[in-house]
Amino acid sequence: NLSDKLDKAFHILKGHGKITEVNVAETLKEVRRALLDADVNFKIAKDFTTKVKEKAIGQDVLTTLQPGQLLVKLVKDELTELMGGDVAGINLSGNPTVILMAGLQGSGKTTFSGKLANYLLTKKNKKPLLVACDIYRPAAIQQLYVVGDSIGVEVYSEPENKNPVEIAQNAIKHAKANGFNVVIVDTAGRLAVDEEMMNEIERVHKAIQPQETLFVVDAMTGQDAVNTAKAFNERLNFDGVILTKLDGDTRGGAAISIKSVVNKPIKFVGTGEKMDAIDVFYPIRMAERILGMGDVVSLVERAQEQFDEEEARKIQKKIAKNEFGFDDFLSQIQQVKKMGNMKDLVGMIPGASKAMKDVEIEDDAFKHIEAIIHSMTPIERSKPALIDVKRKARIAKGSGTKIEQVNQLMKQFDQMSKMMKMMQGPGGKNLMKMMGG
Ligand code: GDP
Ligand code: MG
């Protein structure tokens with residue numbers, strides 16, 4: 001994947017004591033290749049590396065003390081810029097605010113409609129109304145009802161009416177009469193762009209004049225996503241992009257290309273099927289994620305919603321004092337378990353997605369780990385360095401695991417401690433700030 005490729009590219013730099021112009025060129029070639037592999041449009045990838053190269057030369061990357069780092073930073077900054085730079089907010093100024101979803105069938109419109117309603121309800125104190133304008137399949141209306149039920153949001157539908165324009169207009173009237181301040185209009189999609197669909201959504205768009213027209217696109221569709229985005233943008237001049245299915249094997253390429261081609265900001269991403277799997281799109285975090293730095297800040301933010309503040313502060317102090325031990329590890333695991341889907345979370349930890357890509361992550365992935373830590377004495381937990389071969393054998397026996405499993409945990413713990421120390425460096429400032437430091 002892209003992260004691995006860039007890792008390799010930067011490795012070229014790190015391996016050399018001295019950076020030469022040839023090295024920079026080689027590395028950027030590798031960066032370009034990585035972008036192309038991630039489905040970034042050829043011209044965009046080329047322009048990108050050219051720009052980074054120019055900047056690198058302008059900043060005298062060759063003569064600085066840590067040219068590798070500087071180049072990484074340049075690449076990251078440039079990627080961030082390419083994806084929109086700043087966070088694009090959502091316009092909630094209307095009364096009611098009307099939000100129209102557009103996109104192909106299966107892109108995630110209905111799911112995202114629910115997620116957005118849930119987000120506006122729980123995070124923005126809004127009273128949203130969901131509107132079913134996908135009138136072609138009774139199942140589609142039913143699906144929106146299921147979604148609405150699960151988050152406690154009312155759904156407006158007119159199953160007997162086959163005119164989505166009228167339904168949307170009536171829904172807005174209904175919203176005004178009943179105190180809803182956001183109206184989210186879910187629409188029908190087709191498997192491919194076609195005239196009929198485009199005409200219909202255009203008519204709905206014209207009739208209801210939404211504050212936000214959001215183009216929903218499946219991030220896994222790569223280059224196709226760009227063409228679809230173009231087609232919808234020509235007809236609707238939409239306001240923002242929603243990138244769904246960014247969980248699992250992420251293709252960062254779609255985000256980069258769509259932004260550059262239609263020049264509309266990506267506003268939210270979908271990261272799972274559940275109603276809370278929605279994140280505001282932060283270009284810088286995405287750039288870091290693509291570069292394999294992991295989405296540390298998102299991870300911490302999600303963690304913060306679940307973590308006890310006090311606990312976080314305690315841990316932070318321990319890390320600072322180098323006193324992080326297995327007891328803390330255990331309590332972190334318990335916190336992490338509360339946070340949800342393990343695969344998502346692992347993907348957000350720097351380096352972890354690579355290290356664990358061959359490991360099948362089960363929900364009870366921590367069962368052995370917990371057993372092993374429970375078999376350690378308090379002193380072993382606080383001073384892991386004490387754990388020698390003899391102690392390992394005892395711990396394995398006590399926890400009903402194999403000595404290899406104990407070894408593996410020790411290694412994981414070691415890596416985690418190192419990672420946490422690293423986070424105290426320049427890159428970890430945000431993390432520490434968010435943890436209350
Ligand atoms: P629509 O046809 O555009 O309304 O798409 P749906 O909302 O019905 O979604 C199509 C499928 O994609 C459903 O099975 C959803 O559960 C799934 N889906 C939607 N968003 C996400 C996401 O962010 N991550 C994952 N993994 N699945 C998603
Ligand atoms: Mg749908």
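Biologist: What share of the contacts in the protein with a separation of 6 or more comes from residues 24 or more positions apart?

Modeller: Two residues are in contact if their C-beta atoms, placed from the backbone, lie within 7 Å. Here, residues 24 or more positions apart make up 74% of the contacts with a separation of 6 or more. Do keep in mind that this is a predicted model, where local features need pLDDT of at least 70 and side-chain atom pairs count only at pLDDT 80 or more, while totals for chains, interfaces and linings use all residues. Residues are numbered from 1 along each chain as its sequence is written, and chains are lettered from A and ligands numbered from 1 in the order in which they are written.

Biologist: How many helices and strands does the protein have?

Modeller: Both are DSSP runs numbered from the N terminus: helices are H or I, at least four residues, and strands are E, at least two. The protein has 21 helices and 8 strands.

Biologist: Let's take one helix. Which residues of α7 are buried, and which are exposed?

Modeller: Count the other C-beta atoms (placed from the backbone) within 10 Å of a residue's own: 20 or more means buried, 12 or fewer exposed, and in between partly exposed. In α7, the buried ones are Pro 164, Ile 167, Ala 168, Ala 171, Ile 172 and Ala 175. They lie on the same side of α7, because they cover an arc of only 135° around the axis; the arc is that of the directions from the helix axis to the C-beta atoms. An α-helix has 3.6 residues a turn, so residues three or four places apart point the same way. Lys 173 and Ala 177 are exposed on the other side of α7.

Biologist: What do the buried residues of α7 pack against?

Modeller: Their partners are β1 (97-102), β2 (128-133), β3 (155-156), β4 (182-187) and α8 (195-208). After α7 comes Gly 179, with a positive phi near 75°.

Biologist: Where is Met 275, and which residues does Met 275 touch?

Modeller: Look in the loop between β7 (266-270) and β8 (278-280). Leaving out residues up to four places away in sequence, Met 275 touches Gly 114, Lys 115, Asn 118, Ser 150 and Ile 151. Gly 114 is 161 residues away in sequence, yet the C-alpha atoms of Met 275 and Gly 114 are 6.5 Å apart. Met 275 counts as partly exposed because 18 other C-beta atoms lie within 10 Å.

Biologist: Which residues come nearest to ligand 1?

Modeller: A residue is near a molecule if its C-beta atom, placed from the backbone, lies within 6 Å of it. Of the 17 residues around ligand 1, Gly 108, Lys 109, Thr 110, Thr 111 and Gly 270 come nearest. Helix α5 (residues 109-123) gives the largest share of this shell, 3 residues.
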